[in-house]
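Dear colleague,

Please find below the structure that I am handing over to you. A short account of the findings comes after it.

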Amino acid sequence: MTYEQSLQQLETIVRKMEAGEYSIDELTEQLKTAQKLIAQCKARLTKTDEDIQKLLEN
Amino acid sequence: MSPKSYTLLQLNSLVRMAVERTLTGEYWVEAELAECRERGGHCYMELVQKEEAHSATSRSRQDGTLVARASAKCWRSQWALLQPYFERIAQQPLRAGLKVKLKVYPQFHEAYGFSWIVTDIDPTFTLGDMARRRQEIIDQLKQEGVFDLQKDLQLPLFCQRIAVISSESAAGYGDFVNQLADNGRDLRFVTRLFPAIMQGEQVEQSVIDALNRIFAEADQWDCVVIIRGGGATSDLSGFDTLALAENVAQFPLPIITGIGHDRDESILDMVSHQRVKTPTAAAALLVSHLGQVLDRVLQAEERVARYALQRMEVERLRLSRLAERIPVLFSLVRTRHEARLDRLAQTMTAVLRQRIDRENTRLQTFGTQLFTMADRRLLQERHRLELLQQRATALDPALLLQRGYSITLVNGRALRRPADAPPGTVVETRLAEGTLHSQVINTPLTPSKQ
């Protein structure tokens, strides 16, 4: 999954939460998914940053 | 008797005596040399006079009608002085076709006939005549508008294909080819010899023929070089003719002349694109020309390379500046994205907290409502009970009796209609404080309204 796709999915989850579209039972599962997506996105940003540094050093 | 006759010797002796007696001095004579040759150190000449033609070009001059002719001799002792003198001043040997001014005395020899004996020569006369003839040719070329045509041509930048007109045997051609080959700069030339006679009477036609052969393949050549070895005193008169000058002047390729002399320019030199003194100098000119072109090419090459290097350096700097900005830019992007992710996380947390709070509130509300509703219900019931109690209390007969009301009973039952107690009926009246008995006297016919 690309960074954009992850971000879109994340935003969808947040929007649905705000709109109250999830039942209480679903919330925990969605929150877990959201946290996982956030972690993925941040890791992707960090990796990109490192890659850029490496490439420029070369 | 036959008339007196003489031996030839006797008669010739008479002629000799007549000549020696009548022509005693020396004379300056102007004539044209029809022939001139050296033998045994003596110089033998044929002097002629031709009828002057109107057009004074070299061609028509030779066509004049002969009007006088005589032999002339220069003895060895005199010739040894006159020959170098003439050649030094006139820059050429005495030869057929020249006009000369000679100091002579007559000699008639019984065995060899008549001759003028040359004792002096005036080279300036020859020079003057040649100069006049040259000037006539020059004037005519200018009149024809061809004199400067070659000067308007330009040597091609890459002037490498050289058509050479020279004599095969001349050292000059070898010098020229060697000089071109050993140019020290590795410049390449292609040369081809178009052989021609470079001396004497046939020069004109021979060189014109060579030019025609080159013209037939003019697109294969960049320029023409006419060269000739030999010393400064060589016979150059063949190059001073109108026809040759016309051919050279109007030739489509630039012509370089190097015909080996260094005082006066020949007409060929004047009309050619460039003149140099020697074949070697002609080669040097071509080498220098191509060398300059090579220099230009090399300079251009250097400038291109320098420019390219500078440009690459500039671009490299630009790139490295851009590259330096990339991490900064990306860190901005990263910060922005991280902030966005954080906001999303916060939003989620907030939303969840709100949601939980709301649900809690709802639950609490339900709890509160339950109590309230129960209370209210109890109150309502209590109130109802009170009302019922009040109503019940209001109905107690004792209270009515207390307030003065009474109950009339007949046979133990409450009397509601007078009709139920006919006169004479004993009724029991209960009061608050006790019971009294009484007898009904009458009964009204119409029941009173209650």
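Predicted model: local features only at pLDDT ≥ 70, side-chain atom pairs only at ≥ 80, totals over all residues.

Residues are numbered from 1 along each chain as its sequence is written, while chains are lettered from A and ligands numbered from 1 in the order in which they are written.

In chain A, helix α1 (residues 3–18) packs with helix α2 (residues 24–57) at an angle of about 145°, their axes being 9 Å apart. Helices here are DSSP runs (H or I, at least four residues), numbered from the N terminus; axes are lines fitted to C-alpha atoms over the stretch in contact, and angles run from 0 to 180 degrees between N-to-C directions. Residues in contact (C-beta atoms, placed from the backbone, within 7 Å) include L7(A) and L10(A) of α1(A) and L37(A) and I38(A) of α2(A).

Between the chains, 19 residues of chain A are in contact with 17 residues of chain B. On the side of chain A that touches chain B, α2(A) gives the most, with 13 residues.

In chain B, L180(B) lies in helix α6 (residues 171–181). L180(B) counts as buried because it has 25 C-beta neighbours inside 10 Å; the cut-off for buried is 20 or more other C-beta atoms within 10 Å, with C-beta atoms placed from the backbone. The C-alpha atoms of L180(B) and A283(B) are separated by 5.4 Å, although the two are 103 residues apart along the chain.

Yours sincerely

Methods: Helix = DSSP H or I, 4+ residues; strand = E, 2+ residues; numbered from the N terminus. Contact = placed C-beta atoms within 7 Å. Buried ≥ 20, exposed ≤ 12 C-beta atoms within 10 Å, placed from the backbone.
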